[in-house]
Amino acid sequence: TIKQALVIVLAFTAVYADFVFLDDTNADSKLKCPSFSCGSANDKECISKSGKWADGDLKWTYNGCEDDKYCKTTGVSESESLKGTCTKKTDEPKVVVPKNSRYPGEACTKSDQCISATWTPAGATEPKIEAVCLEESETCNGGEVGDKCGNANQNCKVGSFCLNTDPASDSVCTELLETDAECETNGDLSCKAGTYCIRKKVTDTSAEPNKFVCTEANSLENYTLLSDYERKANDNVKTTEPKGEMCKSNFAYKSSCATYDYKNTEDVEDGYLECNYTDKCEYIRTYGEDGKKNDTYSVTCVCSKFASSGKGYCPFALNNSDAQDKLESFNEQRRTNQGRDLHTLHRDVPNPSEAKWSENCIEYYTNPIFKGYQSCISEKTYLYKNDDNEFNTYSEC
């Protein structure tokens with residue numbers, strides 16, 4: 001039995017960001033999405049092809065490798081450049097943790113991975129200055145809740161922040177704040193992961209301003225004007241306008257929580273809309289106060305990467321009713337796992353040691369590439385980048 005998973009670098013535009021418009025004016029009308037099938041383990045050729053891309057009949061066969069190897073791939077399937085090499089599993093690249101990259105409480109294997117922290121334990125008079133990986137817990141050492149931290153978050157362990165005070169010598173490590181707690185002093189960094197420090201502006205200049213409070217992501221109703229709110233990211237005095245992560249739709253456009261759906265809704269089945277490789281997929285974007293404004297835009301068709309059908313699909317319109325479950329699943333994962341086991345200073349940084357909690361897995365929830373995937377190919381396998389910007393490991397989302 002083939003037990004290894006095919007690893008393919010996926011490079012698509014995430015739906016929660018601005019779309020990238022691609023120019024396909026020179027695309028050949030013959031071009032079609034390639035199809036995939038499963039073969040028998042072959043250490044010499046773990047991926048093979050037949051047909052030609054230019055003729056519109058390109059087919060890939062994933063043969064896989066023997067049990068002690070996996071199929072390491074390069075290239076892309078649409079241009080005939082996809083190649084696979086059977087590689088010993090013992091040779092699978094490991095995550096390399098850079099020096100001085102882990103904050104107190106984050107996982108470590110060696111002390112040189114830890115950032116130096118300075119804190120004074122409760123009841124003590126002399127500070128501790130350490131960059132030590134604790135052997136028992138395999139985490140970097142730092143200040144516990146109640147320890148003095150000198151107004152520097154990096155001195156406190158995961159799950160806490162350094163509550164700013166004047167003088168700084170009085171500041172102590174404090175548990176991250178729950179939803180609706182006031183957060184103006186330290187901003188986002190004082191709120192639990194998955195929440196942000198925001199407030200609604202007041203229009204009456206003589207009125208008392210609203211308090212900044214920790215607010216759950218994806219909690220603002222669709223068509224809320226983000227320009228009516230402000231976010232405090234840290235302890236600096238500057239504030240910014242909240243972004244799409246605060247919207248139930250997880251999508252913002254022109255300073256409002258926006259939605260988007262397929263322009264052609266008649267042919268949608270279970271949230272999927274078929275398209276040809278050279279097609280443009282059209283969407284209606286609704287935005288502004290009470291959703292009174294809308295426009296249309298288009299993106300290119302996406303090939304189903306591992307399907308036998310050789311079909312293409314339009315990127316999900318997450319506000320299509322059939323796709324709501326995927327959107328809600330994505331948002332729930334994001335709220336629950338954002339910053340999992342990470343320091344508050346890493347709250348928006350993917351955990352380099354756990355790909356399944358990283359931003360790369362968003363594609364599983366937002367992309368139609370897995371439609372009809374073959375049994376020999378893992379549905380949720382990804383490569384992701386390490387700190388050296390190299391695609392060097394994979395894990396199930």
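This is a predicted model: local features need pLDDT of at least 70, side-chain atom pairs count only at pLDDT 80 or more; totals for chains, interfaces and linings use all residues.

Display the chain as a cartoon: two helices and 24 strands are present, where helices (H or I, at least four residues) and strands (E, at least two) are DSSP runs numbered from the N terminus. Residues are numbered from 1 along each chain as its sequence is written, and side-chain values rest on heavy atoms, with hydrogens and water left out.

**The whole chain**

Colour the residues by accessibility. Of the 397 residues in the chain, 45% are buried; buried means under 20% relative accessible area, exposed over 50%, and partly exposed in between (1.4 Å probe, protein chains only). The chain exposes about 20,300 Å², of which carbon and sulfur atoms supply 44%; accessible areas come from the Shrake-Rupley method with a 1.4 Å probe, and for residues only the protein chains shown count as cover. Among contacts in the chain with a separation of 6 or more, 55% are between residues 24 or more positions apart, a contact being heavy atoms within 4.5 Å.

**The disulfides**

Select the cysteine side chains. A disulfide is taken as a pair of cysteine sulfur atoms within 2.5 Å, and by this rule there are eleven disulfides.

Centre on Cys 33 and Cys 303, which are joined with an S to S distance of 2.2 Å. The link of Cys 33 and Cys 303 is left-handed, with -85° about the S-S bond. Cys 33 lies in the segment before β1 (35–38) and Cys 303 in strand β21 (residues 302–303), so this pair ties together parts that are 270 residues apart in sequence. Cys 33 counts as buried at 7% relative accessibility, and Cys 303 counts as buried at 4%.

Move to Cys 275 and Cys 301, a disulfide with an S to S distance of 2.0 Å. Its torsion about the S-S bond is about 85°, so the disulfide of Cys 275 and Cys 301 is right-handed. Cys 275 is in strand β18 (residues 274–275) and Cys 301 in the loop between β20 (293–300) and β21, 26 residues apart. Cys 275 is buried, with a relative accessible area of 10%, and Cys 301 is buried at 7%.

Then select Cys 247 and Cys 257, whose sulfur atoms are 2.1 Å apart in a disulfide. Here the torsion about the S-S bond is about -75°, so the disulfide of Cys 247 and Cys 257 is left-handed. Cys 247 lies in the loop between β14 (229–231) and β15 (252–253), and Cys 257 in strand β16 (residues 256–257), so the pair ties together parts ten residues apart in sequence. Both Cys 247 and Cys 257 are buried.

**The nonpolar cores**

A nonpolar core is a set of buried Ala, Val, Leu, Ile, Met, Phe, Trp, Tyr and Cys residues joined through side-chain atoms within 4.5 Å. Select Tyr 260, Tyr 262, Cys 281, Tyr 283, Cys 314 and Leu 318: these have the most contacts inside the largest core, which has 22 residues. Strands β17 (259–262), β19 (280–287) and β20 each supply at least two of its residues, and the largest share, three residues, comes from β19.

Which residues does Tyr 262 touch, not counting those up to four places away in sequence? Its partners include Val 268, Leu 273, Tyr 283, Cys 314, Phe 316 and Asn 320.

Finally, select Leu 58, Trp 60, Tyr 62 and Cys 376, which are among the 13 residues of another core, apart from the largest one.
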